[in-house]
Amino acid sequence: MIVVRILIIAAVVLAAGCSRTGLLYDNGAWLAQRWVSGLVDPSNEQREAWKDPFSTWMVEHRRDLLPEVVFLLETAETEIARGLRHDRLDCLLDSIDLVYREHARRAVALATLVLRDITPGQIDHLAGELAESERDYRDKYLDQDIKRRERERLARYVDRIERWVGDLSTVQLAIVERKVSEMPDTAEDWLSYRRQQRQRLLDLLRAKADQQALARFLGSWWVDFAGQPPRLVSKVAAVRAGTIDMLQALDGTLSEGQRVRFVTEVADIRIDLEAFVDNPAADRMARPATDRCTKVAQIED
């Protein structure tokens, strides 16, 4: 997905978690434009034409969407501090999904602007970059040795969790190993889906599809995940459910130090991003799902 990386760079969403979050966000437009330039090898005229739209996207993100990201981080801090529970995790993930989809909707317009005037040579360049990305994905996630692939998958989960809470105990590592082994591996299915959608995009570009056709396709792909086979939909749902179960099981084993670190890591990102929020919106798109979290919490507490 061409602009999904833009979203990640621009929003510096929940999983980013680094001490330079503010710096990344402040340079989001430049970083995003640089990344897209690598994909399509634009002319100097195209680079100049993109500057204002990319900057405008970031201004609008800061005004409309960044408050949503900060709100979700605040909610996550509260949930982590009080103890993660299944229903509240479920509605928090629903909130994150709502905010992601709004990011994706707004990214479509920016993507179509980038793609509408690219030349046949630039389409070929894009195809080559996407093919290279697929090879990298295969190398990272699809080791031919199944046992080694399973070990590497488990190691990725452990690394991600330890990034937030610090070193896991033997008991916690056993929980992660058991829960991850119960989740389906989606890597092959995701690669097939991405390849299918990328080829459809390239076909549209080579057929000189108009901006409306590009926008419809990208919206259906990025916002609605259209075209996923039932097998992948089922696996994604199982991974989500399994992840919630794993987080809840781990929550019961967290030491005081681990919980404090978890809250602090999330809070640090929220504080970094909060500095860029001028006027937080009164009505938040994530509110319906997070209100559900609040009601569940009041009943349980």
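In what follows, contact means heavy atoms within 4.5 Å. Helices are DSSP runs of H or I with at least four residues, numbered from the N terminus. The model is predicted, so local features need pLDDT of at least 70 and side-chain atom pairs count only at pLDDT 80 or more, while totals for chains, interfaces and linings use all residues. Residues are numbered from 1 along each chain as its sequence is written, and side-chain values use heavy atoms, with hydrogens and water left out.

Two packed helices are described by the angle between their axes and the distance between the axes. Here axes are lines fitted to C-alpha atoms, for helices over the stretch in contact, and angles run from 0 to 180 degrees between N-to-C directions.

| Pair | Angle | Axis distance |
|---|---|---|
| α5 and α11 | about 130° | 10 Å |
| α9 and α11 | about 130° | 10 Å |

Angles under 35 degrees count as roughly parallel, over 145 as roughly antiparallel, 65 to 115 as roughly perpendicular and the rest as oblique. That makes α5 oblique to α11, and α9 and α11 are oblique to each other too. A crossing is left-handed if the near helix is turned anticlockwise from the far one by less than a right angle, and right-handed if clockwise. The α5 and α11 crossing is right-handed, whereas that of α9 and α11 is left-handed.

On the α5 side, H86, L89, D90, L93 and D94 meet R240, I244, D245, L247 and Q248 of α11. This contact has 4 nonpolar, 2 polar and 4 charged residues. For these classes, Ala, Val, Leu, Ile, Met, Phe, Trp, Tyr, Cys and Pro count as nonpolar, Asp, Glu, Lys and Arg as charged, and the others, Gly among them, as polar.

From α9, D189, W190 and Y193 meet R231, L232, K235 and V236 of α11. D189 lies in α9, residues 187–206, and is buried at a relative accessible area of 11%. Buried means under 20%, exposed over 50% and partly exposed in between, with a 1.4 Å probe and protein chains only.

**The nonpolar cores**

A nonpolar core is a set of buried Ala, Val, Leu, Ile, Met, Phe, Trp, Tyr and Cys residues joined through side-chain atoms within 4.5 Å. The largest has 33 residues, and V176, M246 and F262 make the most contacts inside it. Elements giving two or more residues to this core include α4, α5 and α11, and the largest share, 7 residues, comes from α4. Beyond its neighbours within four places in sequence, V176 touches residues including L154, I161, M246 and L250. A second, separate core of 31 residues includes V40, F54, I118 and V223.
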